[in-house]
Amino acid sequence: MRAAVIQFPGSNCDRDMAVALANVAGGAKNVSMVWHKDADLPKGLDVIGIPGGFSFGDYLRCGAIAARSPIMNAVVDFANKGGYVFGLCNGFQILTESGLLPGALMRNAGLKYICKDVELRVETTASPFTSRYTVGEVVTVPVAHHDGNYSADAETLERLVGDDRVAFRYTKNPNGSVDDIAGILSANKRVLGMMPHPERRADAQLGGTDGVRFFEGIADALVSA
Amino acid sequence: MKARVHVTLKNGVLDPQGAAVAHSLGALGFDGVNDVRQGKVIELDLAETDKAAAEASVKQMCEKLLANTVIENYSVEIL
(Lines give C-alpha, C1' and ligand atoms only; values in the text may rest on other atoms or scores of the structure.)
Protein backbone atom coordinates (compact mmCIF):
# COMPACT_ATOMS: atom_id res chain seq x y z
CA MET A 1 0.00 0.00 0.00
CA ARG A 2 1.26 3.45 -0.92
CA ALA A 3 0.03 6.43 1.05
CA ALA A 4 0.51 10.19 0.90
CA VAL A 5 0.01 12.86 3.54
CA ILE A 6 -0.60 16.39 2.28
CA GLN A 7 1.24 19.14 4.16
CA PHE A 8 -0.05 22.72 4.32
CA PRO A 9 1.51 25.66 6.13
CA GLY A 10 0.09 25.22 9.62
CA SER A 11 -0.51 21.46 9.45
CA ASN A 12 0.58 19.95 12.75
CA CYS A 13 -0.71 16.37 12.76
CA ASP A 14 0.97 15.42 9.49
CA ARG A 15 3.80 13.42 11.04
CA ASP A 16 1.52 11.59 13.48
CA MET A 17 -0.65 10.63 10.53
CA ALA A 18 2.39 9.48 8.54
CA VAL A 19 3.58 7.27 11.42
CA ALA A 20 0.13 5.68 11.83
CA LEU A 21 -0.01 5.02 8.06
CA ALA A 22 3.57 3.71 7.93
CA ASN A 23 2.68 1.14 10.61
CA VAL A 24 0.11 -0.45 8.31
CA ALA A 25 1.80 0.31 4.98
CA GLY A 26 4.99 -1.65 5.50
CA GLY A 27 7.12 1.23 6.68
CA ALA A 28 7.85 4.89 6.11
CA LYS A 29 9.21 4.20 2.63
CA ASN A 30 5.61 3.72 1.50
CA VAL A 31 4.36 7.04 2.87
CA SER A 32 5.08 10.22 0.89
CA MET A 33 4.81 13.70 2.32
CA VAL A 34 3.35 15.97 -0.37
CA TRP A 35 3.62 19.76 -0.25
CA HIS A 36 0.47 21.78 -0.94
CA LYS A 37 2.07 23.70 -3.81
CA ASP A 38 2.75 20.52 -5.77
CA ALA A 39 0.35 20.03 -8.65
CA ASP A 40 0.81 16.27 -8.97
CA LEU A 41 0.56 13.33 -6.61
CA PRO A 42 3.16 10.55 -6.51
CA LYS A 43 2.37 7.75 -8.96
CA GLY A 44 0.77 4.50 -7.82
CA LEU A 45 -0.90 6.02 -4.78
CA ASP A 46 -3.60 4.06 -2.90
CA VAL A 47 -4.69 6.43 -0.16
CA ILE A 48 -4.33 10.11 0.75
CA GLY A 49 -4.54 11.54 4.27
CA ILE A 50 -5.34 15.20 4.92
CA PRO A 51 -3.94 15.99 8.38
CA GLY A 52 -5.08 18.12 11.27
CA GLY A 53 -3.68 21.49 12.21
CA PHE A 54 -4.50 25.08 11.41
CA SER A 55 -3.73 25.36 7.72
CA PHE A 56 -3.18 28.96 6.67
CA GLY A 57 -3.93 30.07 10.23
CA ASP A 58 -7.64 29.23 9.78
CA TYR A 59 -7.89 32.53 7.87
CA LEU A 60 -11.20 33.29 6.14
CA ARG A 61 -12.74 29.95 7.24
CA CYS A 62 -11.09 26.80 8.58
CA GLY A 63 -9.77 24.83 5.63
CA ALA A 64 -10.95 27.36 3.04
CA ILE A 65 -7.56 28.42 1.72
CA ALA A 66 -6.07 24.92 1.88
CA ALA A 67 -9.01 23.54 -0.11
CA ARG A 68 -7.99 25.86 -2.99
CA SER A 69 -4.31 24.84 -2.92
CA PRO A 70 -2.83 23.49 -6.17
CA ILE A 71 -2.54 19.93 -4.81
CA MET A 72 -6.22 19.78 -3.92
CA ASN A 73 -7.21 19.64 -7.60
CA ALA A 74 -5.23 16.42 -7.83
CA VAL A 75 -6.75 15.12 -4.57
CA VAL A 76 -10.29 15.82 -5.82
CA ASP A 77 -9.48 14.04 -9.12
CA PHE A 78 -8.04 11.10 -7.21
CA ALA A 79 -11.19 10.84 -5.06
CA ASN A 80 -13.49 11.20 -8.07
CA LYS A 81 -11.70 8.27 -9.71
CA GLY A 82 -12.51 6.12 -6.65
CA GLY A 83 -9.34 6.73 -4.63
CA TYR A 84 -9.36 6.50 -0.83
CA VAL A 85 -9.07 9.85 0.96
CA PHE A 86 -9.49 10.68 4.63
CA GLY A 87 -9.29 13.97 6.50
CA LEU A 88 -8.93 14.27 10.25
CA CYS A 89 -9.82 17.48 12.12
CA ASN A 90 -8.58 20.30 9.88
CA GLY A 91 -8.47 17.64 7.17
CA PHE A 92 -12.25 17.17 7.57
CA GLN A 93 -12.73 20.94 7.28
CA ILE A 94 -10.62 20.95 4.10
CA LEU A 95 -12.64 18.08 2.60
CA THR A 96 -15.95 19.89 3.19
CA GLU A 97 -14.50 23.14 1.81
CA SER A 98 -13.27 21.30 -1.28
CA GLY A 99 -16.73 19.83 -1.87
CA LEU A 100 -15.64 16.19 -1.48
CA LEU A 101 -17.87 15.89 1.58
CA PRO A 102 -21.17 17.71 2.23
CA GLY A 103 -21.94 20.17 5.00
CA ALA A 104 -19.63 22.51 6.89
CA LEU A 105 -17.78 22.75 10.19
CA MET A 106 -18.71 25.79 12.25
CA ARG A 107 -17.52 27.37 15.49
CA ASN A 108 -18.14 25.07 18.50
CA ALA A 109 -21.52 25.79 20.09
CA GLY A 110 -19.80 26.64 23.39
CA LEU A 111 -17.36 28.96 21.54
CA LYS A 112 -14.42 27.31 23.30
CA TYR A 113 -11.52 25.35 21.91
CA ILE A 114 -11.97 21.76 23.11
CA CYS A 115 -9.01 19.46 23.68
CA LYS A 116 -9.95 16.22 25.44
CA ASP A 117 -10.74 12.54 24.99
CA VAL A 118 -14.25 11.84 23.76
CA GLU A 119 -16.24 8.66 23.28
CA LEU A 120 -17.35 7.83 19.76
CA ARG A 121 -19.97 5.30 18.74
CA VAL A 122 -19.16 3.45 15.54
CA GLU A 123 -22.22 3.80 13.30
CA THR A 124 -21.29 1.72 10.28
CA THR A 125 -18.72 -0.84 9.24
CA ALA A 126 -19.46 -0.34 5.56
CA SER A 127 -16.28 1.61 4.88
CA PRO A 128 -12.60 0.68 4.90
CA PHE A 129 -11.97 3.11 7.76
CA THR A 130 -14.54 1.49 10.05
CA SER A 131 -14.50 -2.11 8.82
CA ARG A 132 -12.42 -3.39 11.76
CA TYR A 133 -14.83 -1.98 14.34
CA THR A 134 -18.30 -3.25 15.18
CA VAL A 135 -21.50 -1.21 14.86
CA GLY A 136 -22.43 0.31 18.21
CA GLU A 137 -18.94 -0.16 19.63
CA VAL A 138 -17.74 2.81 21.70
CA VAL A 139 -14.12 3.91 21.27
CA THR A 140 -12.13 6.67 22.96
CA VAL A 141 -10.31 9.15 20.73
CA PRO A 142 -9.23 12.73 21.42
CA VAL A 143 -10.64 15.88 19.85
CA ALA A 144 -8.73 19.17 19.60
CA HIS A 145 -10.69 21.81 17.75
CA HIS A 146 -12.41 25.18 17.86
CA ASP A 147 -14.56 24.66 14.78
CA GLY A 148 -15.94 21.14 14.91
CA ASN A 149 -19.64 21.92 14.97
CA TYR A 150 -20.87 19.89 11.99
CA SER A 151 -23.69 21.57 10.13
CA ALA A 152 -25.76 20.31 7.22
CA ASP A 153 -29.21 21.13 5.93
CA ALA A 154 -32.10 18.75 6.60
CA GLU A 155 -31.98 17.22 3.13
CA THR A 156 -28.24 16.49 3.33
CA LEU A 157 -28.66 15.05 6.80
CA GLU A 158 -31.44 12.76 5.63
CA ARG A 159 -29.23 11.53 2.81
CA LEU A 160 -26.26 10.92 5.12
CA VAL A 161 -28.36 8.95 7.60
CA GLY A 162 -30.42 7.13 4.96
CA ASP A 163 -27.39 6.03 2.96
CA ASP A 164 -25.44 4.80 6.00
CA ARG A 165 -22.87 7.56 5.61
CA VAL A 166 -22.51 8.55 9.27
CA ALA A 167 -19.26 6.88 10.37
CA PHE A 168 -19.06 8.02 14.00
CA ARG A 169 -21.28 9.86 16.49
CA TYR A 170 -20.28 11.44 19.79
CA THR A 171 -21.84 9.72 22.81
CA LYS A 172 -21.81 13.15 24.50
CA ASN A 173 -21.90 15.95 21.95
CA PRO A 174 -19.00 18.30 22.78
CA ASN A 175 -19.43 20.93 20.07
CA GLY A 176 -23.07 21.20 18.96
CA SER A 177 -22.74 19.05 15.84
CA VAL A 178 -26.06 18.26 14.23
CA ASP A 179 -27.32 14.76 15.13
CA ASP A 180 -24.12 14.23 17.26
CA ILE A 181 -22.17 13.59 14.05
CA ALA A 182 -18.39 13.23 14.47
CA GLY A 183 -17.49 11.77 11.09
CA ILE A 184 -19.09 11.16 7.69
CA LEU A 185 -18.48 9.27 4.47
CA SER A 186 -18.82 10.07 0.78
CA ALA A 187 -21.47 8.34 -1.31
CA ASN A 188 -18.98 5.66 -2.40
CA LYS A 189 -17.73 5.28 1.23
CA ARG A 190 -14.14 5.88 0.12
CA VAL A 191 -13.80 9.42 1.44
CA LEU A 192 -14.08 9.98 5.18
CA GLY A 193 -13.87 13.13 7.28
CA MET A 194 -13.97 13.25 11.07
CA MET A 195 -13.08 15.80 13.74
CA PRO A 196 -11.54 13.37 16.30
CA HIS A 197 -7.97 12.15 15.96
CA PRO A 198 -7.54 8.35 15.58
CA GLU A 199 -3.88 8.95 14.68
CA ARG A 200 -3.33 10.16 18.25
CA ARG A 201 -4.62 6.84 19.62
CA ALA A 202 -2.62 4.58 17.37
CA ASP A 203 0.14 3.62 19.81
CA ALA A 204 -0.11 2.32 23.40
CA GLN A 205 2.72 4.65 24.36
CA LEU A 206 0.61 7.62 23.24
CA GLY A 207 -2.28 6.73 25.51
CA GLY A 208 -4.34 4.18 23.63
CA THR A 209 -4.85 2.03 20.59
CA ASP A 210 -8.52 2.59 19.71
CA GLY A 211 -7.36 4.38 16.55
CA VAL A 212 -5.18 1.54 15.23
CA ARG A 213 -8.05 -0.31 13.56
CA PHE A 214 -8.94 2.82 11.58
CA PHE A 215 -5.62 2.50 9.76
CA GLU A 216 -5.66 -1.32 9.64
CA GLY A 217 -9.04 -1.14 7.90
CA ILE A 218 -7.56 1.02 5.15
CA ALA A 219 -4.75 -1.49 4.64
CA ASP A 220 -7.27 -4.40 4.51
CA ALA A 221 -9.27 -2.65 1.78
CA LEU A 222 -6.18 -2.04 -0.30
CA VAL A 223 -4.81 -5.55 0.03
CA SER A 224 -8.12 -7.10 -0.97
CA ALA A 225 -8.74 -4.57 -3.77
CA MET B 1 -12.48 50.32 -8.45
CA LYS B 2 -13.39 49.10 -4.99
CA ALA B 3 -15.80 46.41 -4.00
CA ARG B 4 -17.24 45.45 -0.68
CA VAL B 5 -18.50 41.96 0.03
CA HIS B 6 -20.80 41.15 2.92
CA VAL B 7 -20.82 37.52 4.01
CA THR B 8 -23.57 36.45 6.38
CA LEU B 9 -24.81 33.15 7.71
CA LYS B 10 -27.89 31.79 6.00
CA ASN B 11 -31.17 31.91 7.85
CA GLY B 12 -31.60 28.79 9.91
CA VAL B 13 -27.86 28.27 10.41
CA LEU B 14 -27.15 28.62 14.12
CA ASP B 15 -24.70 31.40 14.94
CA PRO B 16 -23.08 30.70 18.31
CA GLN B 17 -20.94 33.84 18.08
CA GLY B 18 -23.97 36.03 17.38
CA ALA B 19 -25.78 34.40 20.31
CA ALA B 20 -22.83 35.17 22.61
CA VAL B 21 -22.80 38.80 21.47
CA ALA B 22 -26.57 39.06 22.08
CA HIS B 23 -26.11 37.60 25.54
CA SER B 24 -23.32 40.05 26.35
CA LEU B 25 -25.38 43.02 25.13
CA GLY B 26 -28.17 41.90 27.45
CA ALA B 27 -25.70 41.71 30.34
CA LEU B 28 -24.65 45.30 29.60
CA GLY B 29 -28.24 46.44 29.96
CA PHE B 30 -29.14 46.78 26.28
CA ASP B 31 -32.67 45.40 26.41
CA GLY B 32 -34.74 44.50 23.43
CA VAL B 33 -32.03 42.95 21.23
CA ASN B 34 -34.05 40.11 19.74
CA ASP B 35 -31.25 38.48 17.78
CA VAL B 36 -27.66 39.08 16.65
CA ARG B 37 -26.10 37.59 13.52
CA GLN B 38 -22.38 38.04 13.00
CA GLY B 39 -20.82 38.17 9.54
CA LYS B 40 -17.81 39.41 7.63
CA VAL B 41 -17.00 42.42 5.48
CA ILE B 42 -14.32 41.95 2.83
CA GLU B 43 -13.03 44.98 0.91
CA LEU B 44 -11.33 44.52 -2.44
CA ASP B 45 -9.32 46.96 -4.50
CA LEU B 46 -9.71 45.97 -8.15
CA ALA B 47 -7.85 46.89 -11.33
CA GLU B 48 -11.11 46.53 -13.30
CA THR B 49 -12.75 49.82 -14.32
CA ASP B 50 -16.01 48.49 -15.71
CA LYS B 51 -18.64 48.22 -13.01
CA ALA B 52 -20.57 45.29 -14.47
CA ALA B 53 -17.39 43.32 -15.15
CA ALA B 54 -16.14 44.03 -11.63
CA GLU B 55 -19.38 42.84 -10.12
CA ALA B 56 -19.38 39.65 -12.18
CA SER B 57 -15.80 38.95 -11.23
CA VAL B 58 -16.37 39.52 -7.50
CA LYS B 59 -19.41 37.24 -7.58
CA GLN B 60 -17.20 34.49 -8.96
CA MET B 61 -14.70 35.15 -6.17
CA CYS B 62 -17.53 34.76 -3.67
CA GLU B 63 -18.68 31.48 -5.19
CA LYS B 64 -15.17 30.05 -5.35
CA LEU B 65 -13.61 31.28 -2.12
CA LEU B 66 -14.96 34.26 -0.20
CA ALA B 67 -18.18 32.60 0.94
CA ASN B 68 -19.04 29.01 1.74
CA THR B 69 -22.43 28.84 0.07
CA VAL B 70 -23.34 25.74 2.07
CA ILE B 71 -23.83 27.95 5.13
CA GLU B 72 -23.32 31.54 3.99
CA ASN B 73 -24.97 34.17 1.79
CA TYR B 74 -23.05 37.01 0.20
CA SER B 75 -23.81 40.38 -1.32
CA VAL B 76 -21.54 42.48 -3.51
CA GLU B 77 -21.36 46.26 -3.50
CA ILE B 78 -19.29 48.10 -6.13
CA LEU B 79 -18.13 51.42 -4.67
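**Note on chains A and B of a predicted model**

1. In chain A, helix 4 (residues 90–97) is mostly covered, with 8 of its 8 residues buried. Buried here means that 20 or more other C-beta atoms, placed from the backbone, lie within 10 Å of the residue's own. Helices (H or I, at least four residues) and strands (E, at least two) are DSSP runs, numbered from the N terminus.

2. This is a predicted model: local features need pLDDT of at least 70, side-chain atom pairs count only at pLDDT 80 or more, and totals for chains, interfaces and linings use all residues. Residues are numbered from 1 along each chain as its sequence is written, while chains are lettered from A and ligands numbered from 1 in the order in which they are written.

3. The buried residues of helix 4 of chain A include Phe92(A), Ile94(A) and Leu95(A), and also Gln93(A) and Glu97(A). Their packing partners in chain A are helix 2 (64–67) and strands 3 (47–50), 4 (84–88), 5 (104–106) and 11 (191–194). After helix 4 of chain A comes Gly99(A), with a positive phi near 90°.

4. Chain A as a whole has 6 helices and 11 strands. Of its 225 residues, 52% are buried. The C-alpha atoms of chain A fill a box of roughly 40 × 40 × 35 Å along the principal axes.

5. Between chains, 8 residues of chain B are in contact with 12 residues of chain A (contact: C-beta atoms, placed from the backbone, within 7 Å). Helix 1 (residues 16–27) of chain B gives the most to the chain B side, with 3 residues.

Technical notes. Two residues are in contact if their C-beta atoms, placed from the backbone, lie within 7 Å. A residue is buried if 20 or more other C-beta atoms lie within 10 Å of its own, exposed if 12 or fewer, and partly exposed in between; C-beta atoms are placed from the backbone.
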